[in-house]
Amino acid sequence: MKAFLVSLSVGVSFLILYYIYQIISGFYLAETHAPNIMHAYKEVDELKSEVEFGSVHKSPIVHVGIIVLGMVSYYISRVFKSKLAKN
């Protein structure tokens, strides 16, 4: 049970790192964005169609996948560490 809790905490830390990356990349994109008044109307039309027919990326499946990825990576590193310790 202890190994599961440790691997779950590693998975949650992967999720936290994912959110930190999203925040930092959002700040970077906001700082480097240079609006162009000549193409503003064209971009609005494209955005309306992208929003209506696009997909939402904030799915809980993504969050669960990141947690599972962290748990699996912790488990694999633990198995390799135990195999190296036996040799």
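A residue is called buried here when its relative accessible area is under 20%, exposed when over 50%, and partly exposed in between (1.4 Å probe, protein chains only). By that cut-off, buried residues make up 8% of the 87 residues in the protein chain. The model is predicted: local features need pLDDT of at least 70, side-chain atom pairs count only at pLDDT 80 or more, and totals for chains, interfaces and linings use all residues. Residues are numbered from 1 along each chain as its sequence is written, and side-chain values use heavy atoms, with hydrogens and water left out.

Start with the whole chain in cartoon view. There are three helices and zero strands, with helices (H or I, at least four residues) and strands (E, at least two) taken as DSSP runs numbered from the N terminus.

Next, select helix 1, residues 2-32. Its end C-alpha atoms are 45 Å apart, in agreement with the 45 Å that 31 residues should span at 1.5 Å a residue; the expected span is 1.5 Å times one less than the number of residues. Show Ser 7, Gly 11 and Leu 15, which are buried in helix 1. An α-helix has 3.6 residues a turn, so residues three or four places apart point the same way. Helix 3 is among what covers the buried residues of helix 1, where contact means heavy atoms within 4.5 Å.

Now color Leu 17, also in helix 1. Leu 17 counts as exposed because its relative accessibility is 54%.

Finish on helix 3, residues 60-86, which has 27 residues. Its buried residues are Ile 66, Ile 67, Gly 70 and Met 71, and their cover includes helix 1.
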